[in-house]
Number of protein chains: 2
Amino acid sequence: MKTSALQQARAAYQPKLPKALQGAVKVQEGAPTQSVDNQEEIKALFPNTYGMPLVEFVPGETENAKQMNVGIILSGGQAPGGHNVISGLFDQVKKLNPNNKLYGFLMGPGGLVDHDYVEITEELLKDYRNTGGFDLIGSGRTKLEKEEQFEKGLEIIRQLNINAIVIIGGDDSNTNACVLAEYYAAKNYGVQVIGCPKTIDGDLKNSQIETSFGFDTATKTYSEVIGNIERDCNSARKYWHFIKLMGRSASHIALECALQTQPNICLISEEIEAKDQTLNDIIENIAEVVAYRASQGNNFGVVLIPEGLVEFIPAIGRLIQELNDLLAAHGADYADLDKDAQRAYILAHLTEENRATFETLPEGVSRQLSLDRDPHGNVQVSLIETEKLISDMVGAKLARWKKEGKYNGKFSALHHFFGYEGRCAAPSNFDADYCYALGTSAALLIASGKTGYMAIVKNTTARTDEWKAGGVPITMMMNMERRNGEMKPVIRKALVELDGKPFKAFVAQRDQWAKETCYVYPGPIQYWGPAEVCDQPTKTLELEQEK
Amino acid sequence: MKTSALQQARAAYQPKLPKALQGAVKVQEGAPTQSVDNQEEIKALFPNTYGMPLVEFVPGETENAKQMNVGIILSGGQAPGGHNVISGLFDQVKKLNPNNKLYGFLMGPGGLVDHDYVEITEELLKDYRNTGGFDLIGSGRTKLEKEEQFEKGLEIIRQLNINAIVIIGGDDSNTNACVLAEYYAAKNYGVQVIGCPKTIDGDLKNSQIETSFGFDTATKTYSEVIGNIERDCNSARKYWHFIKLMGRSASHIALECALQTQPNICLISEEIEAKDQTLNDIIENIAEVVAYRASQGNNFGVVLIPEGLVEFIPAIGRLIQELNDLLAAHGADYADLDKDAQRAYILAHLTEENRATFETLPEGVSRQLSLDRDPHGNVQVSLIETEKLISDMVGAKLARWKKEGKYNGKFSALHHFFGYEGRCAAPSNFDADYCYALGTSAALLIASGKTGYMAIVKNTTARTDEWKAGGVPITMMMNMERRNGEMKPVIRKALVELDGKPFKAFVAQRDQWAKETCYVYPGPIQYWGPAEVCDQPTKTLELEQEK
């Protein structure tokens, strides 16, 4: 396998561990916990894994030489640092007892059900330490939710004499990890399940989880290229760059990148929803900034747009909801119509408010909403090129303003979408250390007999050796939410809080960023060099943890 | 001005200079030179600047304390390192005599004509050392070609008591620099003109110019994100990524990125032209790789596409040529037709061969070719989303093969275009040093009384202190070429040589890369850390300079 100079040099990096994890540990348990809401329902659903205490590892005296085999699963989208969770887990599992084995289930949770696995050895692992990607064992989106899957998984668990499964995933995967933990506990199978907080989206965080892994590296990678585009923009002085950023549910990525790069405009979906803004409101706000800058001779700028924007615009959200219902009910006869007839059909059937919204959309978008549907008949919002939709509408509005004499600039737009560029970047020092500590904690939670816990590492804006590691009962983070028409226990997703410090810091500066040109150029992630360059946490984490 | 931690740390970097430039220098002149072709014509056009010797700077004994003021111009697209050329020039100009002044003309060559300038001082420059972008003084695309521009420029040159103008640009800008040098020499104005080889495209190189600045940083930045996408691709195992890379004329960027990242497929325009391949040939080749990989269970891959591809496909090049001529002749009556009538008009007027080509194109592309035209009536090839065109056509071919039972995989495509992400990246150590040496050389060429020269630095795969600096008469690199219907003296553009070592190294490996998965992940540019990570030249340069 040919590798790059950076891959070779990075392979030698030894992640730093919190002091408490460097030697023998003992478990310090807190008081029993409660779920964040709907305590009675959650307790009833998780009788065996509810109410357990928070756990912190502190220096102990005797090594736990526990014999155990462990299986690991990567679930969902890639995030930088996954291989380091595996490395930390592997090293600690072997440190506890060199005869212990670590098995990796292939291509996600499906690997457990289908009995596809590989034994992870040092020989296999060594080329993957401190690397991005999930390619060591692959990932997948199969959801573990059915008893027959749990039972099928148990067969291979028994065959390999596995004591515990570690599931690395986002909020849904960790919810499912807890359901699995509860099931195995209820059946007294003696199989533990431990989760690990992964997602570049940054929306798996709460009082116990300071950040999900991958967010640091991904946002730094996006900020690098956004900063480069800003510098180009400020040199050429003739383009408006509309940059869409991955992150369907929450706008943490866009907000973090804005705090790092200070673009002229950054849309935050949660704010748009809270203010009940229409698409036209958004367009008007952007066009006003473009017009103001043009009046200053600055016909250029940078706009950041979160991928999930469209669904957060309340009027469009309602339209999509009605379209989904309408076409689910009448899909068959609708499908046979030609394009124009389909459009007429939709216009004839929508309620007045949603028809008005539908008619304000550019033709390409309304066609996409009426034509392209996923296998469940739902609108494929992710196919909408929001960055082009917005810039086209801004361009149209500016053209009108020009006729009215309200605007006299030039508007030339370029478009970008960043997502795949950052999900598999080589982990930053932060993510490399954070993930290695998470993996180490996961192994120690298993050795301590815990199940239904997620591995956590806290105090992460301090020096690495001062980080605190432990576990949180997954039920503690749950509440009941409606999903596909049913109330389900789920880990509450963390959206951008409009009264949180990161958003407030952004609001305090954004008017200046819009009018002036305040671009900051973060440059590429550095692994060696001055600590202030290599070891800074995200702005989000820094502001949230600010004392 | 708020700056990032990297910007602050990088500001302190002192670029390394070749030993010969570190102290006093003297000029070592070679034999008289000849242009690469059309010697008689070039000599007749450049009587005052033709035939001058190559120049190398070697250690000297006495400092040249020459009093001189210098003007600098950035011309054309941004390239990483422009600010370092200015820094090197500034430092050497001041070193020669602290009273010397450096003026920057604003927003490109237009700044000279319009008398827009700023004096560059240490106070102004210090925040721009080792940074990307051209935002210190801006750049522009005004062409300096007319006597009235030269005379208008002379006014401000006289007013500021400027002895020499340095023009940082690509092949066209350096050609124009030479025309300006010749003009001022012919008029005995006593104003020198020096060029500097800039372009991320890498197509300004020859026996004297080893590489143009910016190519190193830009290709490393693109390779970083391509590598990240490859890793994602190899983890998710379900997408084909079609990545278009900036570079209209030559495929050096695509080739260099392929050598760094080992994608499954990389198209090289020059090869396609040489083999007289059709669009269908290209599609078929790609579809065959997709089908082969699918047969191995690998429904994923990465394809690199040079931006200029479409114009290099001979059949399409001929079609575009005829369309341009046709619509230039009949533009007025054509413009009033509706879309369908325009298409019919074109089909009725094209020659048979070109009509056949036109009809094979997907509707969106043929519409783009027939509708969107630049102010000169030419087809706007840069608007064609080549990456989508190719993947759509590959998808269509695979769907046919599926019906015929020749293919049984899944084909899901994602698209990227990288260009603006790299043009203004912070310069790598290589570009930071190379540009600083170029600027230093430019100052020394001026102090030596030279005009019509380009600053050069050679032996660039050796350690920086062994680099050789000097100048090359611009006429030496010229030949006569047809431009807009007229024969003009121009610097010969360097396309990818099909018998050159970089292309041959690619050809020797590409079949393996297509069938297997041989991705290499270069990671982000590093400024500190192991030399093998931080200081490696491009693969292209390494292979070309290989002894």
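Buried means under 20% relative accessible area, exposed means over 50%, and partly exposed lies in between. Keep that scale in mind while walking through this structure, which is a predicted model.

Asp172(B) has a partner. Its side chain meets that of Arg483(B) in a salt bridge, with 3.3 Å from N to O. The pair links distant parts of the chain. Arg483(B) sits in strand S14 (residues 478-483) of chain B, while Asp172(B) sits in helix H7 (residues 171-186) of chain B. The two residues are 311 residues apart. Arg483(B) has a relative accessible area of 25%, so Arg483(B) is partly exposed as well. Now look at chain A. There, Lys143(A), Asp172(A), Glu481(A) and Arg483(A) are linked in a network of salt bridges.

How many salt bridges does a search of the whole structure find? Over all chains, the count is 54. One of them joins Lys450(B) to Glu29(B), and their closest N and O atoms are 2.4 Å apart. Lys450(B) lies in the loop between helix H18 (429-447) and strand S12 (453-458) of chain B, and Glu29(B) lies in strand S1 (residues 25-32) of chain B, so this pair ties together parts that are 421 residues apart in sequence. Is Lys450(B) buried or exposed? Its relative accessible area is 13%, so Lys450(B) is buried. Glu29(B), at 45%, counts as partly exposed.

Another salt bridge in chain B pairs Glu122(B) with Arg129(B). Here the closest N and O atoms are 2.7 Å apart. Glu122(B) is partly exposed at 35% relative accessible area. Arg129(B) is buried at 13%.

The largest nonpolar core has 166 residues. Tyr222(A), Leu245(A), Tyr222(B) and Leu245(B) touch the most other members. Follow Leu245(A). Leaving aside its neighbours within four places in sequence, Leu245(A) is in contact with residues including Tyr222(A), Ile253(A), Cys257(A), Leu304(A) and Phe417(A).

Finally, see how the two chains meet. Each side has a share in the contact: 61 residues from chain A and 61 residues from chain B. The area buried between the chains is about 4500 Å², and carbon and sulfur atoms give 54% of it. Arg231(A), Tyr420(A) and Glu421(A) supply 16% of the area that chain A buries against chain B, more than any other three residues.

Charged and polar pairs also cross this interface. The rule finds six salt bridges there. Arg231(A) forms a salt bridge with Asp135(B), with the closest N and O atoms 3.0 Å apart. The rule also finds 30 residue pairs in polar contact across the interface. On the side of chain A that touches chain B, helix H1 (5-11), helix H9 (215-236), strand S11 (413-418) and helix H21 (531-534) each supply at least two residues. H9(A) gives the largest share of that side, 10 residues. By class, that side of chain A has 26 nonpolar, 22 polar and 13 charged residues.

Conventions: Residues numbered from 1 in each chain as written. Chains lettered and ligands numbered in written order. Predicted model: local features only at pLDDT ≥ 70, side-chain atom pairs only at ≥ 80, totals over all residues. Heavy atoms only, no water. Core = buried A, V, L, I, M, F, W, Y, C linked by side-chain atoms within 4.5 Å. Buried < 20%, exposed > 50% of the residue type's maximum accessible area, 1.4 Å probe, protein only. Contact = heavy atoms within 4.5 Å. Buried area = accessible area lost by both parts, 1.4 Å probe. Salt bridge = Lys/Arg side-chain N within 4 Å of Asp/Glu carboxyl O. Polar contact = N/O pair within 3.5 Å; in protein donor to acceptor, adjacent residues only side chain to side chain. Helix = DSSP H or I, 4+ residues; strand = E, 2+ residues; numbered from the N terminus. Nonpolar A, V, L, I, M, F, W, Y, C, P; charged D, E, K, R; others polar.
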